[in-house]
Amino acid sequence: MQHVASWAKPLLFLVGLIAVWQYGISFTSVPSYVLPLPSDIFARFVDTFAVQLHHLGFTAMTTLIGLTIALGFGVLLALLVIYVPAIKGIVLPFLAAFNGIPKIAIAPLFIIWFGLGIESKILLAFLLALFPIFVNSLSGLGEIETDMLDLSKLSGGSAFRIFFKVRLMNALPYIADALKVAFPLALVGSIVGEFIGGNRGIGYLILSAQFTMDTALVFAALLSITVFTSLGIGAVALFERLFLKWRPSRRSR
Amino acid sequence: MLHLAEQEDVGAQARPSGDQAPTIVEIAALTKKFESVLAVDELSFRIRENEFVSIVGPSGCGKSTLLRMISGLVTTTSGTIRVRGEVVSRPIQDVGMVFQSPVLLPWRTTLGNILFVAEMRGLSARHYRERAQTLMETAGLGGFENSYPYELSGGMQQRVAICRALLLDPSIILMDEPFGALDIITRERMAFELQRIWSSSRNTVLFVTHSISEAVLLSDTVIVMTDRPGRISEIVEIDLPRPRDTDTLTAHRFIELSATVRSNITVGWGD
C-alpha cells in the first residue's frame, strides 16, 4: 500500500462513503429533504451551476475584500505595536476582548448601522479575519533575534530597510499561516452577513434553498463553498511552496 | 612576556616603548552598571591597528558587554571609549561583528547573506559580488554560493558569518565567542581557518573567548579579565611567530604563554 499516492487513500475513503450514502439510504427511513441522495445533489449542482457561480462570485468578492483590508490593517497595527511598545498594553487586551465577542451576535447591529448592502458583509469578513492576521504578524514582525537587529544597526541599516529586508521577510511564513485561518473565517463573516439580510451571495442562496426545502441545493452550495475554500488555501500553499521553501517546516530531507 | 606597569588600578597599561603602530581603540576607566550589578569596573587599555586581540575570562566577567560597548550597541555608565580618536556614543559604522550563533537570514542564500551588510548600508550589492566570491573561496565556501543556511553545517554557517563581517573591509572586527557553539575539533579547525582568512587583510580584531588555547593561538595580545565585576587581570603579549600551525600548539613557548594566561584567570580561585 506504500506505493499508492498519498491522496489515493482519502479519495478511496470518500468514494466508499458516498457509495454507502447512495445505496444505504434506501434501507433507512430518512426522507429526501433531510438527506438527499448524492445523485440528486449532483444533478441539482449541475442544474444550478450558473446561479451558484453568480452568488458565489458576490460572496467571494466580499470575502476577499474584507480579507485584504484585514491583511493591510493587521500588519500595520502589528508594526505600530512593535515600534510604539507603549500602546501594546492597550491594543492587545482590547483586541482580545473584542475577538471574544461572537461576531455572529454583533452582525445584526452592523446591519442596522450599515444596511443590507455590501458594506456590512465586507465589515464582518474584515472583523473575523483581523485577529489571526494581527497576532501572527506581531509574532512574525517582532520576533527577530536581537543579534540580527544589532547586526543590521551596525551595518547602518535604517528602520525602513530593516523592515523590508528583515522583519517583513521573517513575517511571511507567519502571515501565510494566518491566511489559512483568516480566509475561511472571512468567508464565514460574509456568509453570516448574507444570512441576516440581503439578497445576494451563497449564504442567501442556502437560506432560500432552506425555505423551499431544497436540501439538495443546500448540499450543492456547501460543495461549492468547500471547493472555493480549498482553492483559497491551496493558493496560499502554492505561494509557500514557491517562495517559502526555506522555512523549517517545509524542508525536504 | 611583558608585565604591566601597575598603578592603583590593575587596568592601567603601559605599551612598550618603540611600538610604532597607531592606536585604534582606546578605553579609559570604562565602567558599566546594569541596575545594581556592576558588570565591568574601570577598564583601561589600548588596541593597536591591525592587531589580533583576544579577551579571555570566565563566564559573566563582562567580556561580551565590553565588546558591545566598543561597538556602541550598549551605552557606558562612565569612562570613555574612543575609536580612531572619536568618542563612541552610538553604534559605530565601520565595524564587522560575528556572534556565537551565525545569525544568518534563513531566506537568503550564502551569497545573499554576505551581501546583506552592503544592502543595509545602501550600497550596490552587485558592486560587492566579486569581493563576496573571493571571500567565499578563501573561506572554503566555494560552490555553496546558492545554498540556504539550513543546508549548511554549523561551522560553514559561521564561515558565512565571518565573510559577511569582512565584506565591507571594516577597520575593526568584533567577534563574540564565534566558535563557542561548535564541537572541539571543528573549533580548532575554524581557528586555523580564521587565521588564514585574517592574515591577508589583517583588520583589527577583538576576539572574545573563554578558550585559553584559542586565544593564545590566534592573538598578538591577550587581555585577561577577572570574574565579575570584570577588571583587567593581565595583558599578555604573544610573541609566537606567524603563521601559526598545529606544531605551534605543542611548542614550548605556546605552553608557557598558555600557562601565564591561565594563572591570571585562576588568580583568586581556591582561596
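Modeller: Helices (H or I, at least four residues) and strands (E, at least two) are DSSP runs, numbered from the N terminus. By that rule, chain B has seven helices and 10 strands.

Colleague: What should I know before reading on?

Modeller: This is a predicted model, where local features need pLDDT of at least 70, side-chain atom pairs count only at pLDDT 80 or more, and totals for chains, interfaces and linings use all residues. Residues are numbered from 1 along each chain as its sequence is written, chains are lettered from A and ligands numbered from 1 in the order in which they are written, and side-chain values use heavy atoms, with hydrogens and water left out.

Colleague: How many helices and strands does chain A have?

Modeller: Chain A has 10 helices and zero strands. Read from the N terminus, its elements run α-α-α-α-α-α-α-α-α-α.

Colleague: What box do the C-alpha atoms of chain A fill?

Modeller: Roughly 75 × 55 × 30 Å along the principal axes. The C-alpha trace of chain B spans about 55 × 45 × 40 Å along its own principal axes.

Colleague: What makes domain 1 and domain 2 of chain A count as in contact?

Modeller: Contact means heavy atoms within 4.5 Å. Four residues of domain 1 of chain A are in contact with five residues of domain 2 of chain A. Together the two domains bury about 390 Å², 73% of it on carbon and sulfur atoms. Buried area is the accessible area (1.4 Å probe) that two parts lose on being put together, summed over both.

Colleague: How many polar contacts join domain 1 and domain 2 of chain A?

Modeller: One residue pair, both at pLDDT 80 or more. A polar contact is a pair of N or O atoms within 3.5 Å; within protein, one must be able to donate a hydrogen and the other to accept it, and residues adjacent in sequence count only if both atoms are side-chain atoms. The side of domain 1 of chain A that touches domain 2 of chain A has three nonpolar, one polar and no charged residues. Ala, Val, Leu, Ile, Met, Phe, Trp, Tyr, Cys and Pro count as nonpolar, Asp, Glu, Lys and Arg as charged, and the others, Gly among them, as polar.

Colleague: And how many residues do chain A and chain B bring to their contact?

Modeller: Chain A brings 20 residues and chain B brings 25. The two chains bury about 2200 Å² between them. Of that area, 68% is on carbon and sulfur atoms.

Colleague: Why is the pair B:Glu119 and A:Lys165 called a salt bridge?

Modeller: A salt bridge is a side-chain nitrogen of Lys or Arg within 4 Å of a carboxyl oxygen of Asp or Glu. The closest N and O atoms of B:Glu119 and A:Lys165 are 2.8 Å apart, so the pair passes. The rule finds three salt bridges across the interface of chain A and chain B. Six residue pairs there are in polar contact, both at pLDDT 80 or more.

Colleague: Which helices of chain A supply at least two residues each to the side that touches chain B?

Modeller: α7 (146-154) and α8 (159-196) of chain A. α7(A) gives the most, with seven residues. By class, this side of chain A has seven nonpolar, five polar and eight charged residues.

Colleague: What makes B:Asp41 and B:Arg231 a link between distant parts of the chain?

Modeller: Their closest N and O atoms are 2.8 Å apart, and the pair forms a salt bridge. B:Asp41 sits in strand β2 (residues 37-48) of chain B, and B:Arg231 in the loop between β9 (221-225) and β10 (232-237), 190 residues apart. Over all chains, the search finds 21 salt bridges.
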